[in-house]
Every structure is written in structure tokens, then in C-alpha cells.
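Hello,

Here is the structure I promised to pass on. Please open it first, then read my notes below.

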Amino acid sequence: MKTLDLFFFESNSTGTGTFKGLKELIATPENPLVMNTDMVFDFSDIGLSMTEPYDILIVANMGDNYLPTDGSQTLADWKSAIQRKNYKEAKAEIQVFMSGTDTNVPEYTTKPLESDALLMSASLKKGKQDTKLKAVLQRAVSRFDIYSLAAGYTIETVSVWNAYPSLFVWNGEPNAFDKDAKRIARLYGFENKTGGNELVGKLYAFENYVASPKQNDEFTTCLIIGVRNSSSGTVSYHRANIHPLGSGQSLKRNNVYKLTINSVKKEGYTTELEAYKGEIASLGYSINYWDMDSHGTVQFDGDNILAIPTKKVMFTPNGGSYSLGIFTFGEGTLSLSKKVLDDGISVGLSGKTLTVSATILSNVKDQRSGIIELSFGNLKATIDIVQLEGGDLYLKLNPKSIPYFANTAGVAAPPIAVEGSGDWEATIYPPGAGAFFSFAQTGTSAVTDYDSSKATNNIIPIYTHTANATTSPRYGFLVVSLKEDPSVQSTMLLIQSGEPGFELTPSVTAIDFEYDGELTITGNNTNMFLVNPGLSTDGTTVNQWKYVLEGDNAEAFEIKDIHDDKDLKLNRLTVTAKQENASSNTLNARLYLALVDDPNVKSHVITISQKPMSFNTGIVGNTLYVSENADETQVVSLQGSSRMKWIAELEQPEPALVHTYAVKLVGEKGEAMSWGSEYSMGTKFKIQLPKILYKDANRDITYHVKLTLAGTDVSSRIAIVRKVLKPISISVANLYGGYGALGNGILSTFRDYGIYSTFFGPQGIVYMPVTPTLPNNESNSAGVGANIPDNVNVLFSGRYATTVSNYYDNLITWLENSPNKNRFAIVSLDNSNSENQALFAKFTSWGYKYRGNTGSYASWVTSHTNDPVWDYIVKNGPFSNFRPSQQINFNAMFYRDGISGTFDVPTGVTSVLEVAGNGCSLSIDLQRRIIFLGDSQHTNTWTPACNALATVTDNEYYGRGVLWATLWAIIYNTAQYGDHFTDVFNTR
């Protein structure tokens, strides 16, 4: 399948439920849609509950090729039309369409129907407790396979003509078929490029029903077959209507029609169009399409049986009425699924009795016809109706039915007399090696064919062929038909009783209930059974039976038994739990059945159990998934007795998280709730989760919420899985060249710190997937200030000049529009007062102010109160305790060349270095993600090399190295994690 669309409707008994949601599945190479396999998906993403009942309409491979040919609908329009209807309307009214190809210039490339994308559909009900659904998709088309047995000819081309133009996706209504609809003259064709004598699985069309097909009509779906004469090489074209000889056309979806060419009567026509219009059939061919046998009166599918008494109903010009009994077995509803009738013919179905009537023909030379289709489960059978002069063929069986056979072999039936208008033949079904019945009383092989030439006084003898060793009846059929017209038939049901004993359907050995009395949803667990206790010896009545319920807790369960001595299918038994199991123990009992007349004939024992009090979360797998940026789970609605209360407790992940998080329990609308408090079962809740912080990145984080029934030890756990926080790739660039740009010699020592893998990399003190690559070109042309790429997340300023002043406008815009809040800028001041003044004018709105030039050295700012950024440098950062034997000397000075500037910073910004009495010389602003460096020479004078920091003993040098390594840690962690890092510092 290429696509699968599931339309969900509110479920009710009238079929008037409104549309609730649409699940659209599209096949991909990673996730193909494969038939006969389990598909797992969640309804919650379309707003549906997994525990609610729904009526569902399913369509597969719906595409533009099935939309109205006038272009009046798009695929989205088509789906919207379904959503505007209720379930019953959508099922009955929604159609698909096809367009054809040119009749005058046939081509074989256009394929409106492809075998790998055929429209398929199904409808089903989802019960409240169903967690697994079985959808049997039916192909919405008929398939035509062509074989040739005609000596001296090969199949050249085949095309489909007179195709019905539309189709009700979910079968529509019985009277909705328009017999006068204009057919598509030429649908499409296929070229048999491989040569040979067969073409299989290539040609399809929609259903079509024509009561009285004619060779050259414009209604009967037909094939135009081009065959090549092997001797002359000439290709000729022939029309073949797809219906058995003497019958109407009844093309049904999901059926294969095998057309076998037996002979070519004449060379045929020179074009497809001539063959289509030709009045004389030029092929000898046969069609086989019955599901189970050549008569089509008896159909099986492994579970159900549908048997009709005749394939054709015939009336004389005087008309009349017939009542026909229809036999069904299994689960399903017998219905009239199609009716195509001429005026004067009528049909009706009451229960299992089909009534067919015809009025008198005004002219005895006239003719009427019709087709009806009966459906039971997935089985369909067609009956032709004909009224004409000479329609007086008949065949009857006397008696119409016979008693059940005993379960032994060789049991004879009462004599069955045939009354007919001519010679007849009879067949027993099933035939051959699997036959239960035979026309001979003895013999190793069953005799399943018989005719009037072997009969004495038209009497048919029937016997059981083998003993029935099971407890269930075995079914067969006698089909008798006239040799003159095999469609004139009569059918008799044959039933052989089983051995004494019980058969339960479905057959289980255990029934399990939840604490609240509901069935446990697992496997084939069920509490309702069809009871088959067998039949009396003559097969006329059902054996009387009783149940025995015993065990320690038998009183906790109730048995409802229904008995019927005529119909096996009405004998039923239902087991229920009387009430909730409020205890902490499982309740147990045993059940078996016995015959009233012979209590020694028993069924197998069924164990019954009811679990102690419990509840469930309604969450698939008891697992919720939350992305790293989401702040809460979906709403959780616990399912349990309304009398219960629950308590929620938070369990922290193992191993413990580095950061501390305030995980909150809140109500459906966000109102505060308390961990450890009792809440009624109907109270819905969510779990609010704060943002993951950077030290907990690159790991799975799973919280567990323990839910306990108040006053009990019954509990359940919900796992809350947070998506792994992964670092963003780092890209570093220069805004402009010169001082302050990476690659400038003054910043070379600082640059070395940033690419030192011992500090930063997969094995570094600060984890990074790779050690970053940094710019090493200070030329002005290497800067990106004119157009900063989106992927750049670290930017060094370079030399400031009024001629490129718009670069800082770009930088500010770049910072303020950071999608992941992870862009970071490092700005170094220049040696020009006027340039520095112009620079800080750009940042006035942020609260920065330029002070001026000074020749004094810078020193540490040590007066910090509740400053987490300062603490990150000197107390708890990755380099604060790099060498425990060394201590930062805060009396150290930082070199300035005497003409760089100082500045004032806004509230909340950390001043790290200052020129006493003249303002800040190094600031860190994590709110705006920017560092201002008063002089780039701070970093290269009196600073140890990065690989020497581990051995340096001078505490002034040691402190400078710790500072530059920590600046890189702040820059990189912000670039990798954005506010997952910077939020750690929002404590003042």
C-alpha cells in the first residue's frame, strides 16, 4: 500500500455518529505499509482516545486518479466531504471515479489502474476495550486474467471497454447502482510485449451489472483482445463480453475473472473500435469466476457458508412468484447488496426467505431480465432472473429438506425424488477427497457425481461417507441442475450430527476479569460462548444441557444461560463478575457443562478469575515522551473505580541529575496540585518539567511517577522520558579584521586556549563532540559583518571603524534574533576614543556607557554578591579548581597599552576586570550573550600558555589562565546549549 486513510466516527447503534478524526499514513522506505502485518500507531495525535469506541471507514491507495474527472474536487476536498457526513452517509454515498483513453487511436501507456496502487476499502467497529483491530481490506475493482488455448495464435493486446465510470467506496446502497449510466467506452489497454498465451494481473475495472448483455451493446464491460496469427503475422481484434453464456453480467469487486480463449472463429476486425461495434462474436471463450465451485450456489470462506437454491429464476410470460429459502451459517447478516431489475420484476428479502415476482408480459414475445446479489459476511452470490416465452423449465426436489444424518458412516437419507422438465445431473459438495456424503453407501472414495441416467424413478440415494468424530455437525449440499440449462437448479442442505459432547465457540480454558468486573483485554479472552451440546439421534432437537459452577469463590460470579432445543446457534452462555473485587486477593472458580440426560458427558473445565483492585493510566506502554524544550506532558486521565482515590509521588532519575529541577504536578488547566496528596479518580493531571540544563545534556533522562491507590499497596508507574539534549554545532567567525579578531597576533594566546583539546573536546574538561576550529585570518576581507551567516553562533568583533559601522547593527540584530538563544559575541575595544564612543553608542539601549581612555593596568573586581557568573569563574566552574595546589591571586594586574577604553555596565552584568576609578575593562553579559574586552592585550601578557596551565606555580599567572579558559567555557557552552546553559545563572 502507498497510503492508508482511517476516518473515525462516533460509534452508535444507528450509524449516525459524527466525524471525530482522520489518521493519514503514507508509506516510506523506512516505514512501508505492508498488508497482513501489525501496524502500531497512536490515536492521540488526532485528538482521539484509545479507550473510546469508534466506527471506522478505511481506504487505501486513494489518489488523484480516483477523483471526479471534471476537476471539481481535489484530494483534500474529497476527504473533507467524508468529514462533513455521518458514518452511515459516508459509507453509503462516497464515490470514486475513472477516466478513459482514446477510442480511435488506442495507446497502451496510460494506466488509470495499477496493480501496486489499487483502491482498497474496509469498514469496522472499534470497541471500547479493543487495542488491536483486524481490518480486511477488499480491492475495489474486478480483475481480468486472459489465457489462450487457441492453436496458432498469440495474445498481442488486451483493452477494457464499457467500464462503469464510478464506484461506491464502501459498497453504497442496493438501489444506488445506475443501470443507465454512460459507460467509459475505452478505459485502457495493455500490450503483451513478452508474447505468449496469457496476460495476468494487468487489467482491472469497477463493478458492473447488466441484466441482458448483448454482443455490441454499450453497457456490458468487455475485453477487446488483439491476437496475432502465427502463420500470417496478421493482428485481428475480437470482443469478449465478460459473463457466462446465458447469464447477466455481474462484475464484483475483489473477484478475478478468468477468460480462456478456446478458439478463434474468424480473423476478426482490423481495429479495436470495429471489434467493439461488431455484431458477431468471433472468439470461442469461457469465463470462470465463481468463488468456490462452477455453479456458484454454495460458497464457503472458512468461517461462513452462503447457499442459494438456484442460480436462475425463470418465468413464463404469465409471470408469477417464487419463495426461495437461503441457507447461511456463521457470523453475518444476510442482505440484498445489489438489485438491477427490469420494470415488472420485483424482489424482497424477509429473514432468509427471498421472494421473486414477475407481472404478466403484455406481449408474449417480449422479454424481461434482472440480476440480484445476496451478501453474507464477505460472501456474495448472484441470481439471474429471466421472463420469456419458453421460460417453463423447472426442477424441484421432494422432499425439500431431510432430517440430520447420524454421526456414523453409511447412514442412508430418505428417498429424494427429482421432478424436472428434462434430464438432470447432481453433485455433492464438498466433492472429492474431502466429501462427507456420497451417492454410494460403501467404498473408500466418495461418489459425488450422479445423473438421471443412473437413477431409478428419478430417485437420488445419499449416504454419509465417513463417521463424524467431532461434536459439531458437518455440512454438505446436494445441487441438482437441468442438463438443458444448468442454471436451473435446486439445492438441498445435508447435515451430519456429531458425537455426544460439547463444543464451545470460541474455545478457551480460562476467563479473566479485572477488579471492576470488566474482561481483561488479552489474547482471545472472552466471557460469551456459543454452546454446542450436540443433537438428538434423529437430528431434530438440541441436547439439553446444564452448567456447573464450583470453587472457593463461585459466589462471586454469575452465569446467564440461554437454551433453544431447535437452533444450535441460540444456545449461549455468558459469565460475569457480580461486582468489584475490593479485596487484595484474586477470586477463583471453575465452570463446566454437562448433558442433562447423561451427566457423564461433560465439557472441558474453564477456570474463572477476578483480579484484585487495580487501575490503569490509559497511557500506551505507561510512557510519556517530552522534548527538551517542552514544559509539560499530555493530560493523564486515570481509569479506575470512581470510588477510588490516588496519590502521586515523584521518583528522581538514577543516576541522579547534576542540576536540581522543580518538577510540578498540575491539573488539566495548569492549576497547582501537590505530590503525596489524595485526589479522586476522575481528577486529570499533567507533569510540568523545567528546561533541561547543560550539565544534564547528552544523557537519557527518565523520571518515574508512582501512582498509588489510597489506602492500598496497589500502584503503577508512569515513565516520563525527556528527549536527549544534544549540543548544537559550533561555528566561529570574525565580524571584521584587526585587533579583536581571531588570527590577530595579540589574541593568539587566547585563541590557543580555545582549540586546546585537553580543555575542549570529546575528552576535554568541557565536553564537546569535536574540538572547534577557529578563524586564523585577521584580514578585513575574512570578516562576515556585511552578511552574517545563520549558522555562525560565535562572533569576534575585530577592529572597529566608522566606515563599517553598520556591521555592529548587523551584530546586534544577529544577537537579538537568535533562534536557539545560543549566539555569542566577543567585542574588543579599539585604541581610539572616538571609535570606542561610536561603538558604545550602538549599545546604549542595553544600558552600556563608554567612559574613556586610561593608561592604568586593570585588576580583578572582587566585590561580588550573589553573582553566579563570578562563582562560575572562581568557585564552581570547570576550571575553578583546575589545580587544587594553586590559588587565584586576586592582586594580579592585567596589562593595558594605555590607550584602550573603559565603560560602565548595566545592572545584572558581571564586571570581572576594572581600572580603578575609571570603569569596567572586562564584562560578561549572559542575558544578551556578549563579552566586552577593554583591551585585547589583557589575554597575551603575563598569561601562561594553555598547555602550561597545569604546571604553572605563579598564582597571578595561574589566575589569568583560569579566567581565559573559563571565558571559552562560557562562550562554548552558550553556543552549544543556548538558554539550557545561561538559565543556570538566572538566580539574582
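**Helix α6 and its two sides**

Ser 834 and Ala 841 are exposed, on the face of α6 turned away from its buried side. Exposed means over 50% relative accessible area, buried means under 20%, and partly exposed is in between (1.4 Å probe, protein chains only). Helices (H or I, at least four residues) and strands (E, at least two) are DSSP runs, numbered from the N terminus.

A word on the source. This is a predicted model, where local features need pLDDT of at least 70 and side-chain atom pairs count only at pLDDT 80 or more, while totals for chains, interfaces and linings use all residues. Residues are numbered from 1 along each chain as its sequence is written, and side-chain values use heavy atoms, with hydrogens and water left out.

Back to α6. Its buried residues include Glu 835, Asn 836, Leu 839 and Phe 840. Seen down the helix axis, the buried residues of α6 fall within an arc of 130 degrees, so they line one face. That arc is taken from the directions from the helix axis to the C-beta atoms. Here is the general rule: an α-helix has 3.6 residues a turn, so residues three or four places apart point the same way.

What do the buried residues of α6 pack against? They pack against α5, β56 (824-828), β57, β60 and β63 (930-933). Contact means heavy atoms within 4.5 Å.

Now look at Asn 836. This residue is buried, with a relative accessible area of 0%. Its side chain makes a polar contact of 3.3 Å with the side chain of Tyr 850. A polar contact is a pair of N or O atoms within 3.5 Å; within protein, one must be able to donate a hydrogen and the other to accept it, and residues adjacent in sequence count only if both atoms are side-chain atoms. Leaving out residues up to four places away in sequence, Asn 836 touches Leu 829, Asp 830, Tyr 850 and Gly 901.

**Salt bridges**

How many salt bridges are there in the whole structure? The search finds 27. Each is a side-chain nitrogen of Lys or Arg within 4 Å of a carboxyl oxygen of Asp or Glu.

Start with Asp 5 and Lys 79, which meet at 3.3 Å, N to O. Asp 5 is in strand β1 (residues 3-10) and Lys 79 in helix α1 (residues 75-83), 74 residues apart. Both are buried.

Next, Asp 809 bridges to Lys 842, with the closest N and O atoms 3.1 Å apart. Asp 809 sits in helix α5 (residues 806-816), and Lys 842 in the loop between α6 (833-841) and β57 (849-853). Asp 809 is partly exposed, at 34% relative accessibility. Lys 842 is partly exposed too, at 27%.

Then comes Arg 851 with Asp 904, at 2.6 Å between the closest N and O atoms. Arg 851 lies in β57 and Asp 904 in β60 (residues 901-904), so the pair ties together parts 53 residues apart in sequence.

**Nonpolar cores**

A nonpolar core is a set of buried Ala, Val, Leu, Ile, Met, Phe, Trp, Tyr and Cys residues joined through side-chain atoms within 4.5 Å. The largest has 84 residues, and Phe 685, Leu 963 and Trp 968 have the most contacts inside it. Helix α8 (residues 955-977) gives the most to this core, with 13 residues. A second, separate core has 51 residues, among them Tyr 153 and Trp 170.

Best wishes
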